[in-house]
Amino acid sequence: MSESKRELSKKHCIPCEGDIDPFDTETAHVYLQDTPKWLISSDATSIHRDFIFHDFDEAIQFVNSVAELAESEGHHPDILVRWNKVTLTNSTHAIKGLSENDFILASKINDIAEMPLV
């Protein structure tokens with residue numbers, strides 16, 4: 001059963017040591033419905049989203065907020081910065097695919113993206 005965005009953003013990532021199976025494509029697509037603006041890779045092993053900002057400074061402020069969140073959750077996205085564009089990619093590397101952690105983190109990142117930058 002799918003979790004709502006609100007429920008996902010209230011959860012916390014659970015450390016993964018490779019002892020679970022990655023989501024199958026169907027499950028990944030169900031969870032994707034609850035993480036607006038994120039896209040799934042063609043092989044369903046990762047999700048990604050682009051964020052566009054006014055300038056480099058805003059992009060880095062966002063990256064710093066994401067980094068703080070990732071540290072607190074113990075789950076870290078791949079981050080690519082190109083001046084005012086930030087691309088985040090979530091995947092659970094220990095299982096070479098997607099887990100609930102990736103969608104929890106995506107949901108919380110969406111919350112950060114909706115907040116005004118300071």
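Predicted model: local features only at pLDDT ≥ 70, side-chain atom pairs only at ≥ 80, totals over all residues.
User: Which residue in the turn of the hairpin formed by β3 and β4 has a positive phi?

Analyst: The hairpin leaves 2 residues between β3 and β4. In this turn, a positive phi of about 50° belongs to Trp83.

User: How many residues apart in sequence are the parts tied together by the salt bridge of Glu100 and Lys11?

Analyst: The side chains of Glu100 and Lys11 meet in a salt bridge, at 2.9 Å from N to O. Glu100 lies in helix α4 (residues 100–114), whereas Lys11 lies in the loop between α1 (5–10) and α2 (25–32), so the parts tied together by this pair are separated in sequence by 89 residues.

User: Is Lys11 buried, partly exposed or exposed?

Analyst: Buried requires under 20% relative accessible area, and exposed requires over 50%. Lys11 has a relative accessible area of 27%, so Lys11 is partly exposed.

User: Which strands does the salt bridge between Lys85 and Asp50 tie together?

Analyst: The closest N and O atoms of Lys85 and Asp50 are 3.7 Å apart. Because Lys85 lies in strand β4 and Asp50 in strand β2, the pair ties together parts 35 residues apart in sequence. Lys85 counts as partly exposed at 25% relative accessibility, and Asp50 counts as partly exposed at 38%. The strands are therefore β4 and β2.

User: Which helices does the salt bridge between Glu73 and Lys108 tie together, and are these two residues buried or exposed?

Analyst: Glu73 forms a salt bridge with Lys108, with 2.6 Å between the closest N and O atoms. Glu73 lies in helix α3 (residues 56–73) and Lys108 in helix α4, so the pair ties together parts that are 35 residues apart in sequence. The helices are thus α3 and α4, and both Glu73 and Lys108 are buried.

Note on methods. Residues numbered from 1 in each chain as written. Heavy atoms only, no water. Pairing = 2+ DSSP bridges. Helix = DSSP H or I, 4+ residues; strand = E, 2+ residues; numbered from the N terminus. Salt bridge = Lys/Arg side-chain N within 4 Å of Asp/Glu carboxyl O. Buried < 20%, exposed > 50% of the residue type's maximum accessible area, 1.4 Å probe, protein only.
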